[in-house]
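Visitor: Hi! I'm new to this one and would like a friendly tour. Could you show me what we're looking at?
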Amino acid sequence: MVIPNFARYVKSRSDRQLLHGLKYNKTSTCKPEESNNGLPIVPCGLIAWSLFNDTYTFARGMVELKVSRKNIAWKSDRNHKFGKHVYPFNFQNGTLIGGGKLDPSLSLSDQEDLIVWMRTAALPSFRKLYGRIEEDLEAEEVILVNLTNNYNTYSFGGKKTLVLSTSSWLGGKNDFLGIAYIAVGSSCIFISFVFMLLHVKNPR
Amino acid sequence: MPRAGRIREKLRWSNLYTFSCLRPNVLEDGPHSLQGPGFSRIVYCNQPRVHQKKPLNYPSNYISTTKYNIITFLPKAIFEQFRRVANMYFLMAAILSLTPVAPFSAVSMIAPLAFVVGLSMAKEALEDWRRFMQDMKVNSRKVSIHKGDGIFGYKPWQKIRVGDVVRVEKDQFFTADLLLLSSSYDDGICYVETMNLDGETNLKIKRSLEVTLPLVDDLAFKNFTAKIRCEDPNPNLYTFVGNLEYDHQVYAIDPSQILLRDSKLRNTSYVYGVVIFTGPDSKVMQNSTKSPSKRSTIERKMDYIIYFLFTLLVLISLISSIGFAVKTKFEMPDWWYLQPQNTTNLYDPTKPALSGIFHLVTALILYGYLIPISLYVSIEVVKVLQATFINQDLHMYDEETGNPAQARTSNLNEELGQVDTILSDKTGTLTCNQMDFFKCSIAGVSYGMGSSEVEIAAAKKMAFDISEHNSEMSSVPMHNIKARGLMENSRSNFGVSEIELETVITSKDEKDQKPMIKGFSFEDSRLMGGNWSKEPNADAILLFFRILALCHTAIPEPNEETGSFNYEAESPDEGAFLVAAREFGFEFYRRTQTSVFIRERYSSSGHPIEREFKVLNLLDFSSKRKRMSVIVQDEDGQILLLCKGADSIIFDRLSKDGRIYEESTSRHLNEYGETGLRTLALAYRKLKESEYSVWNSEFIKAKTTIGADRDAMLEQVSDMMEKDLILVGATAVEDKLQKGVPQCIDKLAQAGLKIWVLTGDKMETAINIGFACSLLRQCMKQICITTMNTDLLAQDAKKALLVFLITDQAVKENILMQLINGLQMIKLEKDPHAAFALVIDGKTLSYALEEDLKHQFLSLAVNCASVICCRVSPKQKALVTRLVKEGTGKTTLAIGDGANDVGMIQEADIGIGISGVEGMQAVMASDFSIAQFRFLERLLVVHGHWCYKRIAQMICYFFYKNIAFGLTLFYFEAYTGFSGQSVYDDWYMLLFNVILTSLPVISLGVFEQDVSSEVCLQFPALYQQGPRNVFFDWYRIFGWMANGLYSSLIVFFLNLNIFYDQAFRAGGQTADMAAVGATMFTCIIWAVNCQIALTMSHFTWIQHLFVWGSICTWYLFLLLYGLSSPIISGNSFQILVEALAPAPIYWSVTLLVAVACNLPYLAHLSFQRSFNPMDHHVIQEIKYYKKDTEDQHMWTRERSKARQKTKIGFTARVDAKIRQLKGKLQKKYSSLSVQTIIPPS
């Protein structure tokens, strides 16, 4: 996706509505995706409306690889930000259909894909957590991915990438952090070395 | 309260005085014709009620110097605040934040602005309140006023109305501008001290109209009524036109009947007067100009930086709005998720230009963080606190008067650290206007052992330097013994001064034990206690003392405490003479209309004898005559003319056989003059009865002449008498310098400051003080620029305008020649130690300040080591100040104590008032007030130096931190399609300037000290960092900005690269915008706070608390913000607890970025300290390793090096002396070595 942090996009949401549902019906912040047939759309706003809806299934050989889709959103978001009694009853019912649909029978607090999606990324290219493979994978193993390409990125020439990554205590694989540490550390050592030499050469 | 009976003899001074008491010729002139505009004022004397109604309702005597009142405060203060360009910008931003264009919520724009403006206004209000309280102090002074039926009672000044009759007692200030009705003297004379108005120290004589003389006691006013018609209020101090209508007669009033507010009644026990001009109408208030609001150089420069940042702001806003327009036009239609077909003007792909323009506004607000909103308010807070430090400094507290130093406006603190030229008043500032009889030369013998303060200090320094010199010399082993011998030689060479110095020091100790007699610090047993009669020239000495005791216009007043007399003299010199005469045993104790009575304690008979001298004539002192004579007849009938006057005048008038002592006396006079004493020569003439009576008849004829010629005739007749004098001796009076003045001037000179003295006093006095303060010294080349020789020409020229014009031109050319000659002289001077002094008088100055001459004048003055301007008017003081300020472009400081200094105090970049003496004008107009001149050293060298550095560093840091922060917003824009989205939460940004980074920088601004105050004083050269502006030059400012740029790049790109794609938690969660924003912000907080910790060189617990506390506050805020309802915190809900804190990468990034941001600065700092250290770096190092206590020698050496090259101050004087001696030594040495080379065979 290109610009998830576009101001108009980022602002087009209503945290109150996500928590209180129809009890809170001032959805002007959600423009232009605010209401349908006089009722506010739940959840309203462009972010929700453009929900990512590609789906993936994984298989190791013929055996399906289990992907845990639970606990991918922050716990506080599930418990406190998205209402337990707010149901997306009229989501994606309008004339313009954006991204994915939601199961109207599940409350928002259980719609983890939505919760993850609603946390907009900082940069134009970004990753979102889809799920966790909790089984160990062997090296050189072939994994079959079945994906349904629902989400339209062709109009703006976006690319979609599926990344399988192992996470460590530092999170994902992060070469840059290491390089930066080495660079800063070595320049510290270099500078102190130079000053030491200079000091030995002509002490005060 | 019934008034006290008359203590004094009734005197009619008018009959005694020759020149100053000429009664205006009422008959001749007649009443003034007062018609037309400007002469509409009518005053009904003794009928103040009439003036309570229109149209004669004049303002009350209430004065106000406040800027605001309760009603005008809000609009005016708000207007003042928004005159600052940055505040205006933030106001616009706050208004726009209410529209949908704004990138932030309205509250995050308005709250900081309200806070900042509110704080500044509170400060204004506080300062104005202080001013109000000061006004109240003046307004509630009490004065005795006629309440009706001949009863007088006290009332506060502010209740006085026009037409009131008031009684002013001795040494009180006049309440308002009064018409003198009568005084305690029979002929209605009173003495007025106008020091507050024009800075002149001699008393002025005022006299009432003849008709009002009978109004001598309270009851006389029961039925007194009169009507005054006069000019309207105007600022002209020396003119007054009006008529008094009294008893159906009209009398003309002229300035000699007007007593001006803020002048003081002296030597007269009371006067009655009627109020003519009150409060704002009074001449002194009319003269006061609104004190201009001054801004410091740093602040003015800061404006340029702000303009620069504005340019930067507009530039990056333009970049982003163009970027936005392009994106909107070409790419946005493809972004289906934005529903581009369904938009407002703000994001309309079909109208990209319009969207771009809207976006420009958004961007201008968004990047507003480049401009530090809290800068002004932080600076103000800091300055108020700095001012408190100045106010609380015990080292600047004067115990005698109980006056602390006071920063009256706090916005010039840092300017104190950048002063280049000090323009100082003399009387009351350098001197205390107290004269001490110090030395005398009688019949060619010099008496008096005392030494003035300068001599003592110089002596100490000299002794010290010589011993040092000695050791230096002896360190050369070859000539060891010889050198010693030479040293001995040289010692005996100037042994005289050495011995003198020793006596000085010992006598000083004695003096401390003896009770001091005011006006007398003479010490010489040869004259004291009657010993003078054993001296060889006892006759001359007797005559000398009689001249002292007789030739004056003073009045004795018994002092009940001591049983002796106090003298009320016209000038302090005269008082000193009388005190001296009393101490020598010639006590003047009574004066009647015709006689002066003297009690001679040590007569030949051994008993005190009371003698009466008939005063036949009194030819009083005037600045033109420069002499004063009395003609007295002693009890034997011998008529004597006793004369005292300026040496040059007296020497011209000596008879042939009166010149016996001329040579030795003039030598003594030179000696006295060199040490800064005021000298007068004393002479007498014996008159034969017949000779006198012939002259007297002439004199009476002249005195009774009516018409304009009278003055000239009188002068001529006096001239005839004052000739063929016989010189007796000379006196030397010490114009007592205020405590510590020479030392202070010395230190200030060492700190590289130039000192100009601007005084209303006459040239001789000014030069004397120049010597006393070591601003002048003997081998200095004095360039005196005067119009003396052309004076006569100009006088003649008055007759014809044409001639006048020509001579005016001639005078100018003459001055130009003098100026050019002076410049030539300086240019041609080869000796690097040669020093020049410029002395110029007021009249010449009026030409020299004209447009075509002033540049020559300035360039000459700047090339001289010291400049003394004498006889300058208050206006000229201001003009000179302006010339220096504008001509050199450097910071000027004016210091003075009287109302005559107000002009220059207001004109200079910094005005300092001396609050020790009475009279508040100077203090009221000043920016700082100190009790004594000597506190100036600490004020400048310690506080000025500190404040300058503090403010400079503070501003630099401010720009650094805001650039570091503001630019990250811009970089982020590039990744958001320039849509105006910020990566940080609104709250973070709101807190950044106001809370999270403000306290450390304030503590930097308040507490930072590069070196301690003692070290500042020991190393005055450190001060030069201010005038050279090393801490706020463009190099440094841009250095800091570059540092900010670097930090912003590091913060943004390190964070971005680390967070942009990989998960940041073990659980696989990726960082969203809230997490990245919070992390980035954490990094910035760490980076800027570590930066300030590196910048500080002085830590107390407060700095630690603020710096590390700010960082903790950020975490605390993030925690609390995360705990608040998700409705408020949005995506930052529980961000610290749940997302960031458990992520090791969050902490490691913080560490990485903080180190990387500060590394270049640290490297630069280390490099500078190791290889190119500044003065304070070296001192800090010495102090840190405690080398100053271990290696005393090195410490002293460093100290003596840390002086600016200067040619004034007594250190320079001593150096010059030592050079001179060294030169002599060299000569001797070379001759000696020649001798040794020649074989003794």
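Guide: Happy to! Let's begin with a term: a salt bridge here is a side-chain nitrogen of Lys or Arg within 4 Å of a carboxyl oxygen of Asp or Glu. Please keep in mind that this is a predicted model.

Visitor: Okay, how many salt bridges are there between chain A and chain B?
Guide: The count between these two chains is one. A:Arg119 and B:Asp1072 form it with their side chains, at 2.7 Å from N to O.

Visitor: Why would those two side chains pair?
Guide: Side chains of opposite charge can pair when their charged atoms come close.

Visitor: And what's the count of polar contacts between the chains?
Guide: There are 17 residue pairs in polar contact between chain A and chain B, both residues being at pLDDT 80 or more.

Visitor: Let's switch to domains. How is chain A divided?
Guide: Chain A has domain 1 (7-54 + 68-134 + 155-163) and domain 2 (174-203). Their C-alpha centres lie 48 Å apart.

Visitor: And what does the domain assignment give for chain B?
Guide: For chain B it gives domain 1 (160-287), domain 2 (392-433 + 752-794 + 803-939), domain 3 (531-687 + 725-735) and domain 4 (942-1172). The centres of domain 1 and domain 2 of chain B, taken over C-alpha atoms, are separated by 33 Å.

Visitor: I see some strands in chain B. What order do they take in the open sheet?
Guide: Six strands of chain B form that open sheet in the order 3-2-4-13-5-11, with antiparallel pairing. Strand 3 and strand 11 (258-259) of chain B each have a single partner strand, so one side of each is left without a neighbour in the sheet.

Visitor: How do strands 2 and 3 of chain B pair?
Guide: Strand 2 (residues 142-148) and strand 3 (residues 151-156) of chain B pair in the antiparallel sense over six bridges. In that pairing B:Ile145 stands opposite B:Gly153.

Visitor: What about strand 5 and strand 13 of chain B?
Guide: Strand 5 (residues 177-183) and strand 13 (residues 270-277) of chain B run antiparallel and are joined by six bridges. There B:Leu178 stands opposite B:Val275.

Visitor: Back to salt bridges: how many turn up over all chains?
Guide: A search of the whole structure finds 48. One of them joins the side chains of B:Glu414 and B:Lys383, at 3.2 Å from N to O. B:Glu414 is in the loop between strand 14 (406-407) and strand 15 (419-424) of chain B, while B:Lys383 is in helix 10 (residues 374-392) of chain B, 31 residues apart.

Visitor: Last one: where is the cis peptide bond in chain A?
Guide: A:Val42 and A:Pro43 are joined by it, with omega about -15 degrees. A:Pro43 is found in the loop between strand 2 (39-40) and helix 3 of chain A.

How values were computed:
Residues numbered from 1 in each chain as written. Chains lettered and ligands numbered in written order. Predicted model: local features only at pLDDT ≥ 70, side-chain atom pairs only at ≥ 80, totals over all residues. Heavy atoms only, no water. Pairing = 2+ DSSP bridges. Helix = DSSP H or I, 4+ residues; strand = E, 2+ residues; numbered from the N terminus. Domains from an automatic or database assignment. Polar contact = N/O pair within 3.5 Å; in protein donor to acceptor, adjacent residues only side chain to side chain.
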